[in-house]
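I opened this notebook page to record how the chain divides and what surrounds its ligand. The entries follow the order in which I looked things up.

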Amino acid sequence: MQALTYQGKDHVEVKNVEAPKIQRGDDMIVRITVTGICGSDLHLYKNGISLSEDYIIGHEPMGIVEEVGPEVKNVKKGDRVVIPFNVGCGDCFYCNNQMESQCDNSNPHSDNGSLFGYSEQFGNYPGGQAEYLRVPYADFTSFVVPESSELEDENVLFLSDVVPTAYWSVEHSGVKQDDTVVILGAGPIGLMAQKFAWIKGAKRVISIDHVPHRLEHAKRTNNVETYNFEEHDEIGGFLHQSTQGGADVVIDCVGMDGTVASSDHGPSNDQNISPIITASESVRKFGTIQLTGVYGINADNFPIGDLFGRNVSLKMGQAPVIHLMPELYNMIENNEFDPTDIITHKMDLKDAPEAYDIFDKKSDNNIKVVLKP
Ligand code: NAD
Ligand code: ZN
């Protein structure tokens, strides 16, 4: 089968590789119909998280069930399924308590939870930017789209990651009625989080980025206030002032590959924590910072004293998405938000290297690429 493989920094290739097979009784094989490229894949592409050569990337897939193992009960051949980025066993304390991103059983390689296409450290499950995907714990690690559904693949695809990750970011950070919310990053995750901040009743939603077409998109589709951090000498200080002492909640949807914003101190050791510095400067006393953007290693210069001194709560991590898929599916079916307006590029899997380049450089007015095997 064809699959997108990692070949080194800034280098991916579509290769012919062996198709996956059922390995355990609770596995299934899915024929992928459409699959996303995520900002998290860029951390692999940029070598922020190390990956071995030929590793298959991708954790935002959906498709048609091709084959199920003998122990699979809730999914059958021919079902249309969305595959969450988390791999959860469905049986441990974490999976049973809506914390599937830290499943205790699916990762024999480390104490992290597991996700598809994200290296040995995260469970060593080959990814979904491919023609076929092996899904372990198929009953739990899937969402079956109801047969009666009239929604197109693209309307439900982002239940795999973008939609529940953004929703969880807003919930986990406790956004409530009348809050002021600053969202750093106007990529797919930040743009989706803006929608949920409004749905939760925020009175002011502010989007920060430096890519003009993404900020324009944020203003046009989500009606948020936008600021380009390159146009402000001190973006954190500016936000602190503009929000009269800081926002109730700041959500970082950037992560370690972000560009260093003007007022920030720059990379600290190897790790760029620029968004955390902006967040720390722009959150109010007793406010909350949610780090949804991914960070890979430890870093010095972390503003622990500033955060402690101002009673700031800090939350973070991989989103547990599996338990959120049914309720968010219902919201999509009821037209409560549009999950598709971030799609700017639909490309063939064979053109995935070009797609990575466009998504990385944000060229051609790119926001989100979906790939069709
Ligand atoms: P993306 O790369 O498309 O978007 C990031 C945006 O941040 C870009 O538009 C970029 O211009 C902007 N940016 C860069 N530096 C900035 C700065 N200093 N301040 C403000 N904005 C800045 O990626 P995405 O798909 O939207 O994902 C965003 C982040 O969320 C990534 O780090 C990704 O790994 C992470 N993510 C986390 C989870 C989770 O479960 N925690 C799930 C999915 C994605
Ligand atoms: Zn993702």
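I first looked up the domain assignment of the protein chain, which gives domain 1 (2-161 + 320-372) and domain 2 (165-316); such bounds come from an automatic or database domain assignment. The model is predicted: local features need pLDDT of at least 70, side-chain atom pairs count only at pLDDT 80 or more, and totals for chains, interfaces and linings use all residues. Residues are numbered from 1 along each chain as its sequence is written, while chains are lettered from A and ligands numbered from 1 in the order in which they are written.

I then looked up how the domains meet. Their C-alpha centres lie 26 Å apart. I found 19 residues of domain 1 in contact with 20 residues of domain 2 (contact: C-beta atoms, placed from the backbone, within 7 Å). On the side of domain 1 that touches domain 2, helix 1 supplies the largest share, 4 residues (helices are DSSP runs of H or I, at least four residues, and strands of E, at least two, numbered from the N terminus). By class, that side of domain 1 has 9 nonpolar, 5 polar and 5 charged residues (Ala, Val, Leu, Ile, Met, Phe, Trp, Tyr, Cys and Pro count as nonpolar, Asp, Glu, Lys and Arg as charged, the others, Gly among them, as polar).

Next I turned to ligand 1. I noted 34 residues around ligand 1, the closest being Gly39, Gly185, Gly187, Gly255 and Gly258 (near: C-beta atom, placed from the backbone, within 6 Å). Helix 1 (39-45), helix 5 (188-199), strand 11 (204-209) and helix 8 (274-282) each give two or more residues to this shell. Helix 1 gives the most, with 4 residues. The shell draws at least three residues from each of domain 1 and domain 2.

How values were computed
Two residues are in contact if their C-beta atoms, placed from the backbone, lie within 7 Å.
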